[in-house]
Amino acid sequence: MKSIKVALWGSLGLISLLWLISEQASFAALAGFFDWRNVLVQYSGVVSITVMSLAMILAARPRIAERLFGGLDKTYRLHKWLGIAALVVSVSHWLIAKGPKWAVGLGWLERRGRPPRPHLPDGSLQQLLASQRGLAESVGEWAFYAALMLMVLALVKYFPYRRFFQTHRILAITYLAFVFHAVILLKFDDWTRPVGLVVGVLMVLGSISAVLCLARRHLSGRPVAGRVASCEWQGELATLAVDIQLDAGWPGHQAGQFAFVTLHADEGPHPYTLASAWQGDGQLRLLIKALGDYTRTLPDRLAVGDRVVVEGPYGCFTFAGEGKRQIWVSGGIGITPFVARMQALAREADGKPVDLFHCTGQMNDAVLGRLQEDARLAGVSLHLYWRKRFEVRHLLETVADWREADIWFCGPAPFGRQLRAALLALGLPAGRFHQELFEMR
């Protein structure tokens, strides 16, 4: 989370500093409300297109971002906060541009006469850009209204995922409209200054990313087709186990990673943690909890032989760490990455002792038997909390040298926050607690 905050506030601070450096010479000439208003319109516009560009670049899933922020889940969290920042700043930009006009109409401000525009050489680029100001303002305004609606919908959790997937891509079109708006309306002299150069590079990269998103292409995780090999409904757990046989092209994955899987084209891709270790045979297993409208329909809708598309792998929840031992804590369907890791350890042990604390309110004998057998083969000590509240003291009492361990958590977010806070308060270094932020919207 620290890297996300640094990236967010660092980008806002850097572009603000570059803008101040570029504009500081003109501040002394500002006289009156409307001069300051024009400056603030420029500033808010520069910040807005900057954070929009960064958000769009991250939407293309560049592999370098996943490495920098510790996984695609963290990258998407930054993408979300950049989107929120863009929403706030663009609303401010719109109000600064429109507010004075409303105030003049209400008689609160006196309209100032427009100063004469400087003469521009015929046929010059500057004259061409200036001639498009009216169009750029109209395009930017209507793109703002569309983007505002789409970003608000993206933040509404009750908005169906398939509709979110379908509508969120339209933001790429509104972004391209904002690029046109910014190219025309950014002060011409700024293009040769550091702020203009940075904004220009970001807009080029953002525009490339927008086109990729519209074409449903990403910079990492090539899609691979496959078919459903088997389905097993685990009724007591409200979970569907799906085995997929992939066609050629899957690069392999590490235990703990996830993929975007399209089981039905009308629903689009959903992120699922991979519940099987890679064995080079093209087989993957998913454990899909019936948590939403779509996943509850899968037992009736998904059939053996159905064609699917898998894109990935993604994520850095891969059990790498410097601790002398490992402690795993899972809640409910959060057991999935640990199942895959136990399969990997059964084939190739890493020599580190492991304790797995699994908390669940639902269980059946067949699933419990498989879990116990996986733990036995992997040499993992399994501690099951079935219909019993797990408390931090259970971990402390069971693993005496817990401070020397890397702790990996997968489960409900509130559970993870409480566990992390308790362990850090007791002296666990923050870098030893690993948790995937499995929210992609």
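A: A point to keep in mind is that this is a predicted model. To begin with the helices, α4 and α6 pass each other in a left-handed crossing.

Q: At roughly what angle do the axes of α4 and α6 cross?

A: The angle is roughly 145°, and the axes of α4 (residues 72-105) and α6 (residues 133-155) come within 10 Å.

Q: And which residues of α4 and α6 meet there?

A: On the α4 side they are Lys80, Gly83, Ile84, Leu87, Ser90, Val91, Trp94 and Lys98. On the α6 side they are Glu141, Phe144, Tyr145, Leu148, Met151 and Leu155. By class, this contact of α4 with α6 has nine nonpolar, two polar and three charged residues.

Q: What about α1 and α4, which way is that crossing handed?

A: The crossing of α1 and α4 is right-handed. Their axes cross at roughly 30° and come within 10 Å.

Q: Which residues make up the contact of α1 with α4?

A: Ile4, Ala7, Leu8 and Ser11 of α1 meet Lys74, Arg77, Leu78, Trp81, Leu82 and Ala85 of α4. Seven residues of this contact are nonpolar, one is polar and two are charged.

Q: Staying with α4 for a moment: is Tyr76 buried or exposed?

A: Tyr76, which is located in helix α4, counts as buried because its relative accessibility is 13%, and the cut-off for buried is under 20%. Tyr76 and Ala59 are 17 residues apart in sequence, with a C-alpha to C-alpha distance of 7.6 Å.

Q: Now the core. Which residues touch the most other members of the largest nonpolar core?

A: Those are Ile49 and Tyr175, in a core of 43 residues. At least two residues of this core come from each of α1 (2-23), α2 (33-59), α3 (63-69), α4, α6, α8 (170-185) and α9 (194-214). The most come from α2, which gives ten residues.

Q: What is Ile49 in contact with, leaving aside its neighbours within four places in sequence?

A: Ile49 is then in contact with Tyr175, Phe178, Val179, Ala182, Val199 and Met203.

Q: On to the strands. What is the order in the open sheet of six strands?

A: The order is β4-β3-β6-β1-β2-β5, and the pairing is antiparallel. Each of β4 (270-273) and β5 (283-289) stands at an edge with a single partner strand, so one side of each has no neighbour in the sheet. From one strand to the next, the twist averages 40°.

Q: How many bridges pair β3 with β6?

A: There are four bridges between β3 (residues 258-262) and β6, in the antiparallel sense. Thr262, for one, has Val309 in β6 as its bridge partner.

Q: Where is the cis peptide bond?

A: The cis bond joins Gly312 and Pro313, with omega at about 0°. Pro313 belongs to strand β6 (residues 307-314).

Q: Which strands does β10 pair with, and in what sense?

A: β10 pairs with β7 (residues 325-331) in the parallel sense over six bridges, and Ser330 stands opposite Cys410. Three bridges join β10 to β11 (residues 433-435), also in a parallel arrangement, where Gln435 in β11 is the bridge partner of Phe409.

Terms used:
Residues numbered from 1 in each chain as written. Predicted model: local features only at pLDDT ≥ 70, side-chain atom pairs only at ≥ 80, totals over all residues. Heavy atoms only, no water. Axes fitted to C-alpha atoms, helices over the stretch in contact; angles between N-to-C directions. Left-handed = near helix turned anticlockwise from the far one by under 90°. Contact = heavy atoms within 4.5 Å. Nonpolar A, V, L, I, M, F, W, Y, C, P; charged D, E, K, R; others polar. Core = buried A, V, L, I, M, F, W, Y, C linked by side-chain atoms within 4.5 Å. Buried < 20%, exposed > 50% of the residue type's maximum accessible area, 1.4 Å probe, protein only. Pairing = 2+ DSSP bridges.
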